[in-house]
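Please open the model in your viewer and keep the sequence panel beside it. The tour below goes from one selection to the next and says what is found at each stop.

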Amino acid sequence: HGDTRTAVLTLYEIVRRELDRGENSPTDHWEFFELTADQLSNEQRSVLRNLTEAFESVRFAGEDPDPDDVTALLNEAERLLPVPDGGSTDGHGGSND
């Protein structure tokens with residue numbers, strides 16, 4: 001389960017670095033959530049909350065996340081990150097289905 005823990009911690013760091021952009025610099029994960037949430041859509045805020053809760057359970061409680069939950073987080077986190085090549089961030093990866 002070390003891989004799932006590493007995945008959650010790494011994903012949180014990537015998302016936080018992307019959303020922070022050097023403006024907020026809070027040290028606490030929930031402080032970061034509170035400062036960032038207002039800039040996000042309801043869907044993005046929900047994803048960030050889920051990711052923050054997973055980060056907290058892994059980092060501070062030492063829990064091993066379920067691999068299916070980690071896969072869901074990885075997929076959801078795409079909504080928080082910019083898509084290269086002018087794609088969309090609506091969760092569809094910019095495809096034209």
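This is a predicted model: local features need pLDDT of at least 70, side-chain atom pairs count only at pLDDT 80 or more; totals for chains, interfaces and linings use all residues.

Residues are numbered from 1 along each chain as its sequence is written, and side-chain values use heavy atoms, with hydrogens and water left out.

Now colour by accessibility: of the 97 residues in the chain, 30% are buried, a word that here means under 20% relative accessible area, with a 1.4 Å probe and protein chains only.

Next, select helix 2 (residues 29-37) and helix 3 (residues 42-59), whose axes come within 10 Å and cross at roughly 175°; the axes are lines fitted to C-alpha atoms over the stretch in contact, and angles run from 0 to 180 degrees between N-to-C directions. That crossing makes helix 2 roughly antiparallel to helix 3, a term used for angles over 145 degrees.

Show the side chains between these two helices, and you will find residues of helix 2, including Trp-30 and Phe-33, meeting residues of helix 3, including Leu-48 and Phe-55, where contact means heavy atoms within 4.5 Å.

Stay with helix 2 and select His-29, Phe-32, Phe-33, Thr-36 and Ala-37, which are buried. Seen down the axis of helix 2, these buried residues fall within an arc of 120°, so they line one face of the helix; the arc is that of the directions from the helix axis to the C-beta atoms. What covers them includes helix 1 (2-20) and helix 3.

Which residue caps the N-terminal end of helix 2? Select Asp-28, which has a side-chain oxygen 2.8 Å from the backbone nitrogen of Trp-30. Further along, look at Thr-36, which counts as buried because its relative accessibility is 1%, and whose side chain reaches the backbone oxygen of Phe-32 at 2.8 Å.

Finally, move to Leu-80, in the segment after helix 4 (67-77), which counts as buried at 6% relative accessibility. Leaving aside neighbours within four places in sequence, Leu-80 is in contact with several residues, among them Val-15, Leu-40 and Leu-48. Leu-80 and Leu-48 are 32 residues apart in sequence and 7.7 Å apart in space, C-alpha to C-alpha.

Methods. Helices (H or I, at least four residues) and strands (E, at least two) are DSSP runs, numbered from the N terminus. Angles under 35 degrees count as roughly parallel, over 145 as roughly antiparallel, 65 to 115 as roughly perpendicular and the rest as oblique. Buried means under 20% relative accessible area, exposed over 50%, partly exposed in between (1.4 Å probe, protein chains only). A polar contact is a pair of N or O atoms within 3.5 Å; within protein, one must be able to donate a hydrogen and the other to accept it, and residues adjacent in sequence count only if both atoms are side-chain atoms.
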